[in-house]
Amino acid sequence: MKFQPNEYLKKNTEAAPLAVFRIFFGLMMFVSIIRFWSYGWIDKLYVQPSFFFSYYGFDFIKPLGNYTYLIFALCGISAIFIAIGYKYRIAMITFFLSFTYIELMDKTTYLNHYYFISILSFLLIFLPANAYYSLDARLKKKSFQQIPVWTIDTIKLLLTIVYFYAGLAKLNSDWLVNAMPLKIWLPSKFDVPLIGGLMHQEWLHYIFSYTGAIYDLSIPFLLLFRKTRVFAFVLVVVFHVLTRVLFPIGMFPYIMIVATLIFFDSNVHHGILHFISKIFRINKANFDTNKSLRFFPYQIKLLTTLLAFFFVVQLLLPFRYVLYPGELFWTEEGYRFSWRVMLMEKAGYANFKIVDKETGKRFYVDNDDFLTSFQQKQMATQPDFILEYAHFLKTHFENQGHQNVQVFVESYVALNGRLSSQYIDPKVDLGKQKESFKHKTWIIPFKDEIKGL
């Protein structure tokens, strides 16, 4: 049957899946903020440090000292409003802006799932997640039990991209042929119940590597088909719980488990809403109106144009690495925002040397004077971090009265179990190098080859 866009855009479906997604999304985000706050990470990561690494083009976004707590508070409060569906559009915009601001404050804390939450929250701004089973619907006495099917399919599409691209990224020789970096990480998990004693076995490292790739590539499609959906969801739960047990990646596994419920039929979501209604004594019948939400033609045109652009970006952005020469895992040019999850173990050090160009006098920088240990670990293996820090050092020592300041770095990096090798050209004055989207020619080429995507 030929796909007809106009007919598809007119097609309706039950609003319950989107309502459940909204509730769980809001609750998970609120718990995440509380967890982050209670562990003291706001102070440790955003208040105590004296220097922060910025994303290129977003240098103006910085932590606000103790006022940073207000940003987290705003983010948490908006998450609760999202969950109950109160002032939904304002709450969703507030959450997107505050969460994304938090993400952009310091590049040191970058994680794929922070990026996922940002783009998902942006997408949710334009979806009618408060049309059904929400405080907005109750107060306005306008509940819509039917909504356009594309409003739910957009979330399914985003989840499919995340999973499938994560699977494509695993199709490389380090992951499949050498079982790296799992071969480095798993032996240290000997204390895991039941399977801890097997963590040093090489065959297990390969099983984990191959099943991880197969899982990511197949799970969205298994979730799409009714006959395999329950089996797929069991796999989702097992995979993410095991991932959470083995690796300290916070709330992300639970977020993904909850998010995949969107693939289930509406009867499952109605069951969830009945359960919630029973606990909180909500009369669900007030929302079951059988009314359909309709968009005006100009709204559909505007939203479909916006969403088309959004998904084109999501499909193309992870492949921007092909525009750069050299090994991606080594240079990391085009690495972020591409769903390359836990694919490499990188360790190194960077020793900075300040030189007076005229006199030749020199001294070495104690990185402890400016960076936390976590920042130093991240900086030592990522070229844009090294360049930004070099610029900071140049400005700092010029302000102290030093003349003709040059900044050089002696750096060595080990990638996925290989021997450490020189990373940045030690003869290049980094103080003169400009940050841009262009290839950084002062990165010493990788001395090995990693085949694959």
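1. Ser411 is buried, with a relative accessible area of 0%; buried means under 20% relative accessible area, exposed over 50%, and partly exposed in between, with a 1.4 Å probe and protein chains only. Ser411 belongs to strand S5 (residues 405-415). Helices (H or I, at least four residues) and strands (E, at least two) are DSSP runs, numbered from the N terminus.

2. On the basis of these values, please note that this is a predicted model, in which local features need pLDDT of at least 70, side-chain atom pairs count only at pLDDT 80 or more, and totals for chains, interfaces and linings use all residues. Residues are numbered from 1 along each chain as its sequence is written, and side-chain values use heavy atoms, with hydrogens and water left out.

3. Two strands pair if DSSP finds at least two bridges between them. Strand S3 (residues 346-356) and S5 are joined in the antiparallel sense over 11 bridges; Val355, for instance, has Gln406 in S5 as its bridge partner. In general, strands of a sheet pair through backbone hydrogen bonds, either parallel or antiparallel.

4. Asn367 is located in the loop between S4 and helix H17 (373-379), and it counts as buried at 9% relative accessibility. A polar atom of the Asn367 side chain lies 3.1 Å from the backbone oxygen of Ala350. Not counting residues up to four places away in sequence, Asn367 touches Ala350, Phe352, Gln376, Met379 and Tyr389.

5. Trp339 is in the loop between helix H16 (328-331) and S3 and is buried at 3% relative accessibility. Asn404 is in the loop between H18 and S5 and is partly exposed, with a relative accessible area of 38%.

6. A cis peptide bond joins Met180 and Pro181, with omega of about 10 degrees. Pro181 lies in the loop between helix H9 (173-176) and helix H10 (182-185). For context, most residues other than glycine have a negative phi, and most peptide bonds are trans.

7. How many cavities of 30 Å³ or more does a search of the whole structure find? The search finds two. On a 1 Å grid over the protein atoms alone, a cavity is a set of points where a 1.4 Å probe fits but cannot get out, and a pocket is an open set with protein on both sides within 12 Å along at least five of seven lines; lining residues have an atom within 4 Å of a point. Grid points are joined across faces, edges and corners, and a volume is the space filled by probe spheres set on the points.

8. The largest cavity has a volume of about 80 Å³, and its lining includes Tyr165, Pro318, Ser338 and Arg340. The lining divides into seven nonpolar, one polar and one charged residue. Here Ala, Val, Leu, Ile, Met, Phe, Trp, Tyr, Cys and Pro count as nonpolar, Asp, Glu, Lys and Arg as charged, and the others, Gly among them, as polar.

9. The second largest cavity holds about 50 Å³ of space. Its lining has nine nonpolar, no polar and no charged residues. Helix H2 (16-38) gives the most, with five residues.

10. The second largest pocket has a volume of about 990 Å³. Of its 34 lining residues, Tyr55, Tyr56, Arg320, Phe337 and Phe437 are the closest to its centre. By class, the lining has 18 nonpolar, six polar and 10 charged residues.

Terms used
A polar contact is a pair of N or O atoms within 3.5 Å; within protein, one must be able to donate a hydrogen and the other to accept it, and residues adjacent in sequence count only if both atoms are side-chain atoms. Contact means heavy atoms within 4.5 Å.
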